[in-house]
Amino acid sequence: MVVNFAPTGPTTEVKSVEMHHEALTEAMPGDNVGFNAGYSPVLDCHTAHIACKFAELVTKIDRRTGKELEAGPKFVKSGDSCIVKMIPSKPMCVETFQQYPPLGRFAVRDMKRDILIWLALELEVIV
């Protein structure tokens, strides 16, 4: 079943109904219901903390040389280096690393753990 949440109107699909980690066939009015409406890691850049999503894995690169190993990889593993396209959930301003190194660094965090760290940023401006 797909449900809507008022007053803002996000929608999500119900995968299961549980109470105290036991499966139920239905939820009744007044029951406490928890849900997960998606996954968004957080982009930390200087003082900005903005949710983002990964649009595309562009290329996998060698950590030591920076040379391309694989174009358009299907996945990356822990320890791999890659170039990705990310879409922030709201507009943000980022300086280039070459002009202002302290303001050009950023990290992507999930559950308060670093999952990606970059020292350089290539920006694509979309108007």
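Among contacts in the protein (heavy atoms within 4.5 Å) between residues at least 6 apart in sequence, 41% join residues at least 24 apart. The model is predicted, so local features need pLDDT of at least 70 and side-chain atom pairs count only at pLDDT 80 or more, while totals for chains, interfaces and linings use all residues. Residues are numbered from 1 along each chain as its sequence is written, and side-chain values use heavy atoms, with hydrogens and water left out.

The protein has 1 helix and 10 strands; these are DSSP runs numbered from the N terminus, helices being H or I of at least four residues and strands E of at least two. In order from the N terminus, the elements are β-β-β-β-β-β-β-β-α-β-β. Of its 127 residues, 17% are buried, where buried means under 20% relative accessible area, exposed over 50% and partly exposed in between, with a 1.4 Å probe and protein chains only. The accessible surface is about 10700 Å², and carbon and sulfur atoms hold 55% of that area. Accessible areas were computed by the Shrake-Rupley method with a 1.4 Å probe, and for residues only the protein chains shown count as cover.

Strand 6 (residues 48-61) pairs with several other strands, a pair requiring at least two DSSP bridges between the strands. Strand 5 (residues 42-45) runs antiparallel to strand 6 and is joined to it by 4 bridges. The hairpin of strand 5 and strand 6 has 2 residues between the strands, and His 46 there takes a positive phi near 55°. With strand 7 (residues 68-71), strand 6 forms 3 bridges, also in the antiparallel sense. The hairpin of strand 6 and strand 7 has 6 residues between them, with Gly 66 in the turn at a positive phi of about 80°. Strand 8 (residues 81-88) pairs with strand 6 over 8 bridges in the antiparallel sense, and Lys 53 stands opposite Ile 87 of strand 8.

Leu 43, in strand 5, stands opposite Ile 50 in strand 6. Leu 43 counts as buried because its relative accessibility is 7%. Beyond its neighbours within four places in sequence, Leu 43 is in contact with residues including Ala 48, Ile 50, Cys 52, Met 86, Met 92 and Phe 106. Of these, Met 86 is 43 residues from Leu 43 in sequence, with a C-alpha to C-alpha separation of 9.4 Å. Leu 43 also belongs to the largest nonpolar core, whose 6 residues are Leu 43, Cys 45, Cys 52, Val 94, Phe 106 and Val 108. Strand 5 and strand 9 (106-110) are the elements that give two or more residues to this core. A nonpolar core is a set of buried Ala, Val, Leu, Ile, Met, Phe, Trp, Tyr and Cys residues joined through side-chain atoms within 4.5 Å.

Lys 60 lies in strand 6 and stands opposite Glu 70 in strand 7. Lys 60 is buried because its relative accessible area is 15%. Not counting residues up to four places away in sequence, Lys 60 touches residues among them Lys 67, Glu 68, Glu 70, Pro 73, Phe 75 and Asp 80. Lys 60 lies over the face of Phe 75, at 5.8 Å from the ring centre; for such an arrangement, NZ of Lys or CZ of Arg must be within 6 Å of the ring centre and within 35 degrees of the ring normal.
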